[in-house]
Amino acid sequence: MSASANAQNGKAIFQQKCAGCHALSAVGSTATIGPNLDDAFAQARADGFAESAIANIVHDQIRFPGQYPTAQNNPNYLKANMPANLVRGQDADDVAAFVAANAGVSGFAVSKAISGTNGKSIFKSQCASCHTLKDAGTTGTVGPNLDQLKPPFPVVQNQVIHGGSVMPAFKGKLSDAQIRAVARYVSSVAGK
Ligand code: HEC
Ligand code: HEC
C-alpha cells in the first residue's frame, strides 16, 4: 500500500467499479449484490482497528474475492461473485484507502425510509450507483446511460415499478407519488 492515497480518485473508482454491487453511505450507493460495506466494517472500526488495517483487508479482497455458487432467484445464494482485480496498482490502493476512510464511520447502516417527492433527490439516492445522468451528476455504469437512452415518462415509470432482470423493482419501496416524481425528473432532464 502506498502512503499517498488519492481520496478523490478512490471515490471516483468506487463509484465506477464498486457502487453497482455495494452499499456505502459515503457515496450514497444502495446496491445489495455484495455486502453493505458500512455494516462490514462498523465492528472493526468500533473495535479500534487502524484505518491502514482496514485498507489492507479491502485490498486483499480486491485481489482474492471469494467465488461461490450463484443463483438469481434463491435468497440463500449470491446473485453474482465479485470479480478479482477489478482495479490494480495505485487505483487499488486509492479505492481501498477510500473505503477504509469511510466505511462504517457512522456505525452500522440504518435503513432510512426515503422521504419527499423531489425527483432529483430520489434519483441521487436510489438510482445513482447504476445509471449515468448528467443533470444529477451521476456516473453509474451497471444500467444504461440515461442521457443516451432519453426514456419517455411511461418507460421510466414502468421500469421503476417493475424493475428488470438486474434492476430492482421499486414498487413498495417508493410511493406511487415518488415513482411519478423520479420518472418525471428523468424524462425531463435526460440528454440535456
Ligand atoms: C459484481 C458485484 C461486485 C463488484 C463490482 C464489487 N464487489 Fe465487492 N463483493 C461482492 C460480493 C458478492 C462479495 C461477498 C463475497 C466475497 O466476500 O467475496 C463482496 C465482498 C467485498 C468485501 C468484503 C466485505 C466483507 O463483508 O468482508 C469488500 C471489502 C469488497 N467487496 C469491496 C469491493 C470494492 C472496493 C469493489 C470495487 C473495486 C468491489 N467490492 C466490487 C460483489 C462485488
Ligand atoms: C442495481 C442497479 C440499478 C439501480 C439501482 C437502478 N437501475 Fe435502472 N437499470 C439497471 C439495469 C441493469 C437496466 C437494464 C435492464 C435490466 O434491468 O436488465 C436498467 C434500466 C433502466 C431504464 C431503461 C428501461 C428501458 O425500457 O430501456 C430506466 C429508464 C431506468 N433503469 C431507470 C432507473 C431509475 C429511475 C432508477 C431509480 C429509481 C433505477 N433505474 C435504479 C440497473 C439499475
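Okay, let's start with a pair of side chains: H59 and D93 are joined by a polar contact of 3.0 Å. By polar contact I mean a pair of N or O atoms within 3.5 Å; within protein, one has to be able to donate a hydrogen and the other to accept it, and residues adjacent in sequence count only if both atoms are side-chain atoms.

Quick housekeeping. This is a predicted model, where local features need pLDDT of at least 70 and side-chain atom pairs count only at pLDDT 80 or more, while totals for chains, interfaces and linings use all residues. Residues are numbered from 1 along each chain as its sequence is written, chains are lettered from A and ligands numbered from 1 in the order in which they are written, and side-chain values use heavy atoms, with hydrogens and water left out.

Back to H59. You'll find H59 in helix 3, residues 51–63 (helices are DSSP runs of H or I, at least four residues, numbered from the N terminus). H59 counts as buried because its relative accessibility is 14%, the cut-off being under 20% with a 1.4 Å probe, protein chains only.

Now, ligand 2. There are 20 residues around it, and C127, C130, H131, S165 and M167 come nearest; near means a heavy atom within 4 Å. H131 puts a polar side-chain atom 2.8 Å from a ligand 2 nitrogen. On the oxygen side, an N or O atom in the S165 side chain is 2.8 Å from an oxygen of ligand 2, and V166 has a backbone N or O atom 3.3 Å from a ligand 2 oxygen.

Which helix gives the largest share of that shell? Helix 7, with 4 residues.

Technical notes:
Helix = DSSP H or I, 4+ residues; strand = E, 2+ residues; numbered from the N terminus. Buried < 20%, exposed > 50% of the residue type's maximum accessible area, 1.4 Å probe, protein only.
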